[in-house]
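Welcome! Open the model in your viewer and follow along, one selection at a time.

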Amino acid sequence: MAGGDYVGALAAFDRFPQALASREWRRRVAAERAATARQASKRFAAVLAPAAKAAADGRLDEALRLYQGVRGSLLPGWRDELAGRVAAVRRRQQERAEREKVEAEAAHLRLLARVARLYKERQYGAAAALLKAKLDATTAARRAERERELAEIAHLESFWRSVAKGAAAFIGKPYSIRGIPGTISSVKDGRIEISTRGRPFREELIKLGTADAAKFARAALRGTEGSLAVARFLIAEGAAAEARARLAELEAAGADVAGSRERLERLRRSEVLGEATAALEKARQATDRAAALRDFVARYKGEPAAAALCAEAARMLKESPGPGPAPAATGPLPARLRVACDGAYKLFLNGKQIAAGAGYREGQFDLGELEVKHGDVLACEAVSRSAHRAFYALLSVGGGRYAIATQGSWRTSRDAPDGWQTAAEPPGTWREATLAYSPHAKPGYGEIARELPGYWVWGEGERCLFHKVVRFGRTVAERAAAERERERRLTEEHGESADARLRLECGGSYRLYHNGALVGCAAAAVPGVSYALSVRQGDVVGVHAVGGEQEGWLETRVEVDGCPVSLRSDRSWVYASAPEAEGWHKRGAPGGVWRAARSAGGGGHRIWGRGRAVLFRKTIDLAKLRSRHPEVALRVHGRMEGRGERRATVVYDFAEPEQLADWHGQEPPTWSQGRMHVGRGAVFTSLLDTRELEVEAALEPIGDFLLGLWGDEPGARSGYTLSVVGDRRATVVLRRGSHALWMEKVAVGSTVPRRITLRRYNRLFIVQINGRKVFSVRDTHPLPDGDVRRVGFMTGSRSKVGVRSFRLEGRLASARPNDRSPPRERPRRGDWPPWRRRDRERD
């Protein structure tokens, strides 16, 4: 036992001759054996602990290696437990591999769906850029498929050149475009001009209708080549029926169209799978997750292209909490109906009309009593010509045990096929209903609908059909318990939450997100609407705003309980132009290119972004809101690190785009992939004393760079500038205005990122590159303090320099001595900062 052979020790205890021992000896042997068994169990648990921790952290390969590395003799129970753990890890590895495969397939399908949308918008350059950006990070099969799509884009670009050539052949001939008759007079610079009786009509070739573009291309391309080019164009336009007819004609003529047929089917599958991927994501985030996943499987189980996603949904459904016994076994349940429509409607249950409304009554619901059971079909026919058209229904079943409200799981269509009011799977084309308004965001329904679940919904056009199968999933109480459990996990991961109220007003429609989850929406401009949130440190609020005829604008106010100040919309909000960047409304660094929002100024809190469709984003910093001086902390959007009462450090690591708020330039700075990109920018240093300051910039990629301590204007002649020009061997110059204080040529290498440091202590300047001192120089005629108010930089005209991080360290401006005497030229040794004392000792 001294060597840890517990198996042998326990076997020796078992061989003890019980018949030859007294009762006392048998009791002592049993006690010793129990103690040895406890020690053995502890030793066995200690041996398995590293592997168990690795498995809990998700490091499954390491956990499996550690489990398989357990050596020595084992008890039978230990062998069974070890085998069970190994089997569990292998099972998790298999599930992870399957999940990664499904996620990779979903990512590929999302990419193809985005490419298909760009095809329909005829943005071939954007589609090519998107495919090239994703070309390397994929498998060989996916790479070959994307290369074939790039070849098709080249064919489409050639097709439009043929359109221009064919349109030129129609010059002088009568033609009608968009219903405007006339004679084609010219085709040049990508535009076609028609002479009419009045003013000439001009249209861009790329905006021509599908039939016109095909006709012009056939005039330039003859025979099989022309027919195949038109077929490729029809496939890209999404005209599947016409493309199939054209391909059938080509195949009958003996042409090889297998590749085009395969591509047509691939694009069709990508659209179906893209739609299914979005539906699965919504089901994953739904409050009643189990019911939403069951609806997803029932909807897409007959679609072979979505088989992988159906398998993923089935796996998630297996892991979801069960809904309990199906209420269908107990028969019909009493229900209370609440319904409203911005127009006329007829509501049916299993084909029987149960409610109707002839007109819109603002702020009121139609109420009714009925009985429903699991599997019943709710159907509605609604007609509205209002600017705010929407439909809302809430079914409270079993005295409030279940709640079924209109949301994205309701399906909508414009056609009314036979049996649509009674069939669980109605014939025809049905899509998910579009979320129009949050219950209390609909004009006239503020406070009376604030606590209601679901959303106002609508489809396309003035007449819409809605369809919903009644399925009883989790009860209202079970959903509340699941929400409390989710809040508990979030608290463990991100800390305690605080109740907050967000008031939002937008110039058009919007969708409000909190950490990626949809919180509210409005399909048109409405007065300020308030939303209740539970926020934690680092939470992200995102708004997808779509303006009317103007650029998208936004005005918000976030009030957090226990915080003396509120967060208003200002430059600390950042924006990106739609289409949506990956993860733009979730915690962490988003994808895409971001800019600081444009503020109206003059004390207003309305912000703008470029374009009609704009994505706004804001990270909630509760630490600054709860600080002793929040109004001061909120002025600096970098990470502040205190160094006592007299010194501070401000670090801009650009981990998030909100740090752009402190930076200004001739052109707005941009953020992408953890870097700030700007040709000329500056940040104010009102919190730090510029007489004692350390500035460090990390550049990636590297290039010509100029670091400055400036006055009111960047690059002013009254400031200090440090220029670093060159790649491996650079020329480093420090200037006061136009006067050069020092110049040095030094080998700096090509280390990335390149860190340039400028330190100032009164009249002394020290320059470092990548931590190595380049030179130090003393300015005998220093500039007045008022001439140095901000720190900035400029990049070379031909270089694309990204700033990975920017650090400011110095004495707080409020810590200056309260006198008017000039600073001492040579302070006492004890007054030097630590970095200056090290330099003097080295010198």
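In which hand, left or right, does α7 pass α8? The crossing of α7 with α8 is right-handed, the term for a near helix turned clockwise from the far one by less than a right angle, with left-handed meaning anticlockwise.

Some background before the next click. This is a predicted model, in which local features need pLDDT of at least 70 and side-chain atom pairs count only at pLDDT 80 or more, while totals for chains, interfaces and linings use all residues. Residues are numbered from 1 along each chain as its sequence is written, and side-chain values use heavy atoms, leaving out hydrogens and water.

**The whole chain**

Of its 843 residues, 45% are buried, where buried means under 20% relative accessible area, exposed over 50% and partly exposed in between, using a 1.4 Å probe and protein chains only.

**Stop one: α7 and α8**

Select residues 210–220 for helix α7 and 223–237 for helix α8. Their axes come within 10 Å and cross at roughly 160°, and that makes α7 roughly antiparallel to α8. Axes are lines fitted to C-alpha atoms, for helices over the stretch in contact, with angles from 0 to 180 degrees between N-to-C directions; under 35 degrees counts as roughly parallel, over 145 as roughly antiparallel, 65 to 115 as roughly perpendicular and the rest as oblique.

Now show side chains. On the α7 side, Thr-210, Ala-213, Ala-214 and Arg-218 take part, and they meet α8 residues including Gly-226, Val-230 and Phe-233; contact means heavy atoms within 4.5 Å. The residues of this α7–α8 contact comprise five nonpolar, four polar and two charged (nonpolar: Ala, Val, Leu, Ile, Met, Phe, Trp, Tyr, Cys and Pro; charged: Asp, Glu, Lys and Arg; polar: the others, Gly among them).

**Stop two: Ala-243**

Next, pick Ala-243 in helix α9, residues 240–252. Ala-243 is buried, with a relative accessible area of 0%. Apart from neighbours within four places in sequence, Ala-243 touches Ala-231, Leu-234, Ile-235 and Leu-264.

**Stop three: α5 and α6**

Select residues 124–133 (α5) and 140–168 (α6), whose axes come within 10 Å and cross at roughly 165°. These helices are therefore roughly antiparallel to each other, and their crossing is left-handed. Among the residues making the contact are Tyr-124 and Leu-131 of α5, and Ile-153 and Trp-160 of α6. By class, this α5–α6 contact has eight nonpolar, no polar and four charged residues.

**Stop four: aromatic rings**

How many aromatic pairs does the structure hold? There are 26; rings of Phe, Tyr and Trp (its six-membered ring) pair if their centres lie within 6.5 Å, and planes under 30 degrees apart count as stacked, over 60 as edge-to-face and the rest as tilted.

Zoom to Phe-296 and Tyr-300, a tilted pair with 4.9 Å centre to centre and 40° between the planes. Both lie in helix α11 (residues 289–300), four residues apart, about one turn of the helix. Phe-296 counts as buried at 4% relative accessibility, and Tyr-300 at 6%.

Finish at Tyr-345 and Phe-391, with centres 6.4 Å apart and planes at 50°, so this pair is tilted. Tyr-345 sits in strand β6 (residues 344–349) and Phe-391 in strand β10 (residues 391–397), so the pair ties together parts 46 residues apart in sequence.

Definitions and conventions
Helix = DSSP H or I, 4+ residues; strand = E, 2+ residues; numbered from the N terminus.
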